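Good morning, everyone, and thank you for coming. Please take a moment to look at the structure on the screen, and then I will walk you through its overall build and a few of its aromatic rings.

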Amino acid sequence: MSDSTTIRYGSMPNSFDPARSDELPGRVRRLVQRRSDVLGPGYKLFYERPLEFVRASGVRLIDAEGDQYLDAYNNVPSVGHCHPRVVEAIQRQVAELNTNTRYLDEPILNYSERLLATHAPGLSRVMFACSGSEANDLALRIARFVTGGEGIVVTANAYHGVTGAVSKVSPSLGDREPLGPYVRAVTPPPVGESDLAQAGSAFAQRVADAFDDLRRHGFTPAALLSDSLLSSDGLIPDPVGFLAPAADAARAAGALVIADEVQAGFGRTGVHMWGYQRHGVEPDLVTMGKPMGNGFPISAVAARGELLERFGQEVRYFNTYGANSVAIAAATAVLDVLEEDELLANARTVGAELLAGTTALAVRYPVLRDARGAGLYVGADVLDPATGHASTRLASAIVNGMRERRVLISSANRDGTALKVRPPLPFSSADAQELLERLEDVLATLS
Ligand SMILES: Cc1ncc(COP(=O)(O)O)c(C=O)c1O
């Protein structure tokens, strides 16, 4: 139960309320109005006082007034905003050749071999697209083609993207975007559960029951589709390993296992390149996106080789911009930087510091509970100490208090009652300390 009455149709955690435009200063108010006129209400802004950025570098963003913000939210510029190596690779390639997968080209092969080498050994083939949504859309098509089934199981507040197909498997989009009749959304393990056997078996049982129910309703199982960090469910990284029994349950039901690594992938968790590896799962299909090109659109589906054999022969799939020459140049540079700047190690050490600091604050400030994290993805629940209930209002006060102190974080889960801290991977110990000091400052004002 939470104090949320505010998550309305189409709204999202930490979104700016256009009804409060009048409170904004002149230029910002005019920009908000122009956006609303030309882009319409579908385009949400973050924060009670929206931000306008004009430049960025590393983990810092500069706004139109020249003020600097510490970015502890954005995971797309994963190796750092405007990383010179990625910028240079894009600039060089776009001036030389930018074409598509209809022509022979060695860089895409070099990249694919390198990417697949980071995955579980059975995942021996890769197909490319432009967005995480497209990658999930393609993975679902492959799963349905291979199994001949339709039934999909996801987690209760999952988000897998915006295409017609994946919005039907994304309960976090809300009631106005109904799930497909062939979809079941299962409750994930509760935040704070530390007993692996209990969390794993209970979650697996819910997955098995969901597939049984689908069968009873005439839907043959096709896939379990899960974000390896359960980000939109409020970040549920622990207990490590709980996903494995659920994957077994899916396979026992005849479904394939799709790991959505759009959030967890490319080293975010600090120990492994991929979130599924952390859980000891060997998926049939893996979808990747966001950090893959550090902001240049590229996404992918890695698959067990045999799954793509018939699909590739019988189903025509050409994605005009997917893995074009510039996208591959950007993605190659991202892998270079991840390795050379040792960003997994950084995510591990700085993530641990951030989590330890957040845990210490949760001891001192009862408004925070269940600090949790994996690498540079840290979350905590916000509750109203007076009622003991999760609080959307206080989570929003913390997120906006941080914004006013020039640190970007956000909130997650269905009611927006969990803090979401997910910086670019070069986030340093000093950056973590800065964030924790500001957070303490905000928490002190709430007490
Ligand atoms: C887990 C997950 N899957 C898929 C997507 C969709 O990716 P995109 O916005 O690139 O289509 C997102 C986006 O937030 C995501 O978080």
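This is a predicted model: local features need pLDDT of at least 70, side-chain atom pairs count only at pLDDT 80 or more; totals for chains, interfaces and linings use all residues.

The protein chain has 13 helices and 16 strands, and its C-alpha atoms fill a box of roughly 60 × 55 × 45 Å along the principal axes. For 447 residues, a compact globule would have a radius of gyration near 22 Å, and the protein chain, with 21 Å, agrees with that. Of these 447 residues, 53% are buried.

Let us turn to the aromatic rings. How many aromatic pairs does a search of the whole structure find? The search finds eight. One of them joins Phe145 and Phe311 edge-to-face, at 5.5 Å centre to centre and with 85° between the planes. This pair links distant parts of the chain, since Phe145 sits in helix H4 and Phe311 in helix H9, 166 residues apart. Phe145 is partly exposed, with a relative accessible area of 22%, whereas Phe311 is buried, at 1%.

A further pair is formed by Tyr182 and Phe219, whose ring centres are 6.3 Å apart and whose planes stand at 75°, so the pair is edge-to-face. Both residues, Tyr182 and Phe219, lie in loops, and the pair therefore ties together parts that are 37 residues apart in sequence. Tyr182 and Phe219 are both buried.

Finally, Phe46, Tyr47 and Tyr73 form one aromatic cluster.

Technical notes. Residues are numbered from 1 along each chain as its sequence is written. Side-chain values use heavy atoms; hydrogens and water are left out. Helices (H or I, at least four residues) and strands (E, at least two) are DSSP runs, numbered from the N terminus. The radius of gyration is taken over C-alpha atoms; the globule rule is 2.2 Å times the number of residues to the power 0.38. Buried means under 20% relative accessible area, exposed over 50%, partly exposed in between (1.4 Å probe, protein chains only). Rings of Phe, Tyr and Trp (its six-membered ring) pair if their centres lie within 6.5 Å; planes under 30 degrees apart count as stacked, over 60 as edge-to-face and the rest as tilted.
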